[in-house]
Amino acid sequence: MDEPALKIWMQDSVPPTTHYVQRPGRRVAENSWPSPAIVPRHYRLLPGKLLEARLATAPETAMTIQSPLTVGLFAGKWCSYAAAPDLAHDQRQEDGGALIFESTPLTSAVEILGSPTAKLELSSNKPLAMVAARLSDVAPDGKATRVTYGLLNLTHHQSSEHPERLRPGKRYTVTVPMNHIAQSFPKGHRLRLSLSTSYKLESLKGNRKGQHSIRINDQWRLCFVWVDGNADCVEIADYH
């Protein structure tokens, strides 16, 4: 077919709310994918700052977080099938339980097309742990609209087929891919990356792929699948 390899809706910036009647933007077409028009950008994480790697010269700094399990209450529904209200609300309260890294105000508009990733060096004081990464569009008035996010069960950092418990205190390098997006960030707005150790419902992988869980303690989880907006096939599992 004589059509572009990729056609997608590039969304404009909007204030955070749980339901939109319309999402402004424009259509984008790329003749090949990955597109030669896309230029990767690399940012470094410094305490409270998200700086382009070429500008970041500060020494490495260790940061610690143990997020409350309430992080994720403003996440919206995982899969709502248009049963509004269903979208993530203002992320400022969520960010109170996370490490946040924020850019300076953008001097020109930035567009992201693809899957942002967070490469992290970390350690855990527990053998079972997770990390959640969220990318938000922060307006000049401080309101934060979640643009994309990704979750990683850290026991799966090398393989989902053969998960392994973490060695407490050991340093690991992991990559957290976030959901693919096509999003425009206007001049004057900021990029914010938020990292937390919990994010409401945990997405499971391996032989439990498609399930979600709520952690009861270090050993036991309440596992289930979503069916028509309700939890189904609920079980308490010894999850390792």
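Start by selecting Arg171 and Glu60: their side chains meet in a salt bridge, 3.0 Å from N to O (a salt bridge is a side-chain nitrogen of Lys or Arg within 4 Å of a carboxyl oxygen of Asp or Glu). Arg171 sits in the loop between β9 and β10, Glu60 in the loop between β4 and α1, 111 residues apart. Helices (H or I, at least four residues) and strands (E, at least two) are DSSP runs, numbered from the N terminus. Glu60 is exposed, at 59% relative accessibility; exposed means over 50% relative accessible area, buried under 20%, and partly exposed in between (1.4 Å probe, protein chains only).

A quick note on what you have open: this is a predicted model, where local features need pLDDT of at least 70, side-chain atom pairs count only at pLDDT 80 or more, and totals for chains, interfaces and linings use all residues. Residues are numbered from 1 along each chain as its sequence is written, and side-chain values use heavy atoms, leaving out hydrogens and water.

Next, pick Arg192 and Asp95, whose closest N and O atoms are 2.7 Å apart in a salt bridge. Arg192 belongs to strand β12 and Asp95 to helix α1, so this pair ties together parts 97 residues apart in sequence. Both Arg192 and Asp95 are buried.

Now show the open sheet, ordered β3-β4-β5-β12-β8-β9 with mixed pairing (strands pair if DSSP finds at least two bridges between them). Its edge strands are β3 (43-46) and β9 (144-153). Finish at Val138, which stands opposite Ala144 in β9.
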